[in-house]
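Let's take a walk through this structure together, one part at a time. Have the sequence and the 3D view open, and turn the view as you read.

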Amino acid sequence: MQDPSMASDPTSAVFKGTVQRLDVVFALKHECELRAKNGRFSIHWYLLNVPQSRSFARKEVLKGTVVGGTKVEMRFLTMQTGERAELKRYHFEAKTEEEAARLVSLLSDACEAAAFIARPSPSTTSEAGPEPGSNQPNQRLPLLCVVNPMSGRKQGMAVMKQVCTIFQLAGIGVQVKVTDRRGHAKEMLMEADLDTVMGVVVVGGDGTTNEVISGVLENRVVTENGGVWPTRLPLGVIPCGTDGSLPKFVTKMDPLDAAHVILRSNNVRQMDLLRVQVGDDVSYSACGVGWGLPGQIALDSEGMRDKFGVYRYTASTISRVASLKPVKGTVKIVPANHNQQVA
């Protein structure tokens, strides 16, 4: 029964019924009170006359489904920074079917529907190219996870295992590709069949992310009308590099928090990119382009990775500034044609 004091608040409600934990052995069923307020949920019951409670934050709400009449299955994905994720499943038996439907609605509003929506296939793409948001119903395609094991402090593989566990607990399949050299991520994405995945997740730094972006944009889609367009699909970043300029603006810097952002990202945002062409070599950037001294520092730092680790950029900067030489060149800036989208 809903608390009259909360009747005027569409985000709040109190339900009375029974609850049972599903993912533990010999779980008892308890009479309980389930409270919902502003996306947070708490379960209150008594065990041997001792009050018990369990609370879940909005970001931990994963799913709510009516599984029969007045019974609702609730799923929560709990996670502490630096610790493993844990899926918690409950059956809540409401008093009426209306209350069960109301509870599912509140759970759905809280999690905002995890967004892994399948993209339009080339056969349904218009001549003008695929439009963002013109997604078809979720076909539960897997995610493609590109991992650079050498990023930052060489924690790429360990971080990948953690975030893959989170996605798998949420029912999301993961395909993993591991890079073994510079430029490998771009090569893999150029050759990948991206119609078989719902999105790409990068576990690495800014360099790996830019390689993946370039590979995706060079992976062309041929429409039924004969048009050729770059592939368009959601891209998420799990920061694991030395610094992480792009993740600072688009996600969380803690890898597990970033995985949660990706899992719950209902709103896929468009992002401006830089396209740079030097002769026949074309590359893309999401956060900046270095030329001259910055480019030399970045290039030299790769050879210092094993010796200096995360301090390689500092070492490269000192080395280059000590032997500073002028760099000549010509830069031409071509205004964007807003009638022609490339991503």
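Predicted model: local features only at pLDDT ≥ 70, side-chain atom pairs only at ≥ 80, totals over all residues.

Start with strand β8, residues 143-147, and strand β10, residues 199-204: the two pair in the parallel sense over five bridges.

As a general point, strands of a sheet pair through backbone hydrogen bonds, in either a parallel or an antiparallel way.

Now move to the aromatic rings. How many aromatic pairs does the count come to? It comes to three. One of them joins F56 and F76: the ring centres are 3.8 Å apart and the planes sit at 10°, so this pair is stacked, as planes under 30 degrees apart are counted that way. The pair links distant parts of the chain, with F56 in strand β4 and F76 in strand β6 (residues 71-78), 20 residues apart. Both F56 and F76 are buried.

F56 has another partner as well: with Y90 it forms an edge-to-face pair, 5.9 Å centre to centre and with 70° between the planes. This link also joins distant parts of the chain, since F56 is in strand β4 while Y90 is in strand β7 (residues 86-93), 34 residues apart. Are these two residues buried or exposed? F56 has a relative accessible area of 0%, so it is buried. Y90 is buried too, because its relative accessible area of 9% is under the 20% cut-off.

Next, have a look at two loops. Most residues other than glycine have a negative phi. N38 is not a glycine, yet has a positive phi of about 55°. You'll find N38 in the loop between β2 (29-37) and β3 (40-47). With a relative accessible area of 44%, N38 is partly exposed. L48, another residue other than glycine, has a positive phi as well, near 55°. This residue lies in the loop between β3 and β4 (50-56). Is L48 buried or exposed? L48 has a relative accessible area of 78%, so it is exposed.

Finally, zoom out to the whole protein chain. There are nine helices and 15 strands in the chain, and 42% of its 343 residues count as buried. Take the contacts between residues at least 6 apart in sequence: 59% of them join residues at least 24 apart. As for the surface, the chain exposes about 19300 Å², and carbon and sulfur atoms supply 52% of that area.

Notes. Residues numbered from 1 in each chain as written. Heavy atoms only, no water. Helix = DSSP H or I, 4+ residues; strand = E, 2+ residues; numbered from the N terminus. Buried < 20%, exposed > 50% of the residue type's maximum accessible area, 1.4 Å probe, protein only. Pairing = 2+ DSSP bridges. Contact = heavy atoms within 4.5 Å. Areas by Shrake-Rupley, 256 points an atom, 1.4 Å probe, with all protein chains shown as cover. Phe/Tyr/Trp six-rings, centres within 6.5 Å; stacked < 30°, edge-to-face > 60°.
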